[in-house]
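Biologist: I'd like to go through the labels on this one with you. Can you back each of them up with a value and a cut-off?

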Amino acid sequence: TQMNLETEGGEDFSWIDTLRKANCSCLLKVRNTTSNLLIRTDFALEHGMWRKFPPESIPPESETTFGSESLGFCTGTEGFVVFAMPGVSEPFRLEWDTPFWGEPSSVATFPDRYRVGKEEIVQFKQMTIEFSIHDPYDGDYRHNEGEVKLVVETPIVYETWKFLLKQAMQGILMTISNTSSHTLQLISNTTHHGVWSLAPPTTVLPGTVLDFGAESYGLRGTSGEVAYLVEGTEAVATFTWKIPVLGSPEYSSKMFSVSPKLLGAQCEVELKFSPESLNA
């Protein structure tokens, strides 16, 4: 059955047109038919670049679409994403490889009692994969009659993206900490030069600390900006950076307290949002 992802559900899938213009690409659709949340714990590319990042989570009985593409001539794209499920010790790992030379392939590994369906469509060097994650054959063994008590296990996060960021000519590792009582909601994120090593978090809850980063591509350094809406107010907190190939890094912020540290061609910046930030 042909998967019509461009028009499904009224969502804007125009980014797929750009993805398909690359020499090699992989479009992935993950359908979570279970009654449990899937939480992204790790993802990386061995080759290529992200056209759309995999989401931080996939709610029960929902689906998501993302993809990667080749970067440069005679190259392909290869990567993986790992999801954890609360109460389940083993992760769900999805892998794909669309090489410039050779046949595209994909692999899914998952907990024994769960089922993962896979459908591949290959047109030249453009691959589309649909992974469907289902409950165990004999039902959800974590649910009993009466009151349900769900023990949430904190997933292990393998931050391979930080290692790859440090291999780039220029890179910036950003740590955002929210010590206020307000949730920060991402409203815009842009890289003018370079690419995201890990996209900024969509939500920063009170009392949390989260990392993200960007790196250079070619000889142009990296620059960009992020903006967060402070929920319950009309205030917007922003941070802008520019790390050129030659010259000193530049930063500007609104409402964030910025603490930069330069480590050779790599920068580490802590962005603090505190109760006093609203009065800044």
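Biologist: Why is Arg31 called partly exposed?

Modeller: First off, this is a predicted model. Arg31 has a relative accessible area of 23%. Buried means under 20% and exposed means over 50%, so Arg31 falls in between and counts as partly exposed.

Biologist: What makes Arg31 and Glu63 a salt bridge?

Modeller: Their closest N and O atoms are 2.9 Å apart. The cut-off is within 4 Å, so the pair qualifies. Arg31 sits in strand S1 and Glu63 in strand S5, so the pair ties together parts that are 32 residues apart in sequence.

Biologist: Is Lys29 buried or exposed, and how do you know?

Modeller: Buried. Its relative accessible area is 3%, and buried means under 20%. Glu63, with 35%, is partly exposed, because that value lies between the 20% and 50% cut-offs.

Biologist: What makes Arg51 and Glu69 a salt bridge?

Modeller: The closest N and O atoms are 2.8 Å apart, which is within 4 Å. Arg51 lies in strand S3 (residues 49–52) and Glu69 in strand S5, so the pair ties together parts that are 18 residues apart in sequence.

Biologist: Why is Glu69 called buried and Arg51 partly exposed?

Modeller: Glu69 has a relative accessible area of 6%, and under 20% means buried. Arg51 comes out at 32%, so it belongs between the two cut-offs.

Biologist: How many salt bridges does the structure hold?

Modeller: Seven.

Biologist: Why is Leu246 called exposed?

Modeller: Its relative accessible area is 75%, and exposed means over 50%. Leu246 is in the loop between strand S17 (236–243) and strand S18 (250–254). Along with Met169, Leu219 and Val245, Leu246 makes a nonpolar surface patch of about 440 Å².

Biologist: And what does the protein chain come to overall in secondary structure?

Modeller: Two helices and 20 strands. Of the 280 residues in the protein chain, 43% are buried.

Note on methods. Residues numbered from 1 in each chain as written. Predicted model: local features only at pLDDT ≥ 70, side-chain atom pairs only at ≥ 80, totals over all residues. Heavy atoms only, no water. Patch = residues over 30% accessible without salt bridge, like charges linked within 9 Å, V, L, I, M, F, W, Y side chains within 5 Å. Areas by Shrake-Rupley, 256 points an atom, 1.4 Å probe, with all protein chains shown as cover. Salt bridge = Lys/Arg side-chain N within 4 Å of Asp/Glu carboxyl O. Helix = DSSP H or I, 4+ residues; strand = E, 2+ residues; numbered from the N terminus. Buried < 20%, exposed > 50% of the residue type's maximum accessible area, 1.4 Å probe, protein only.
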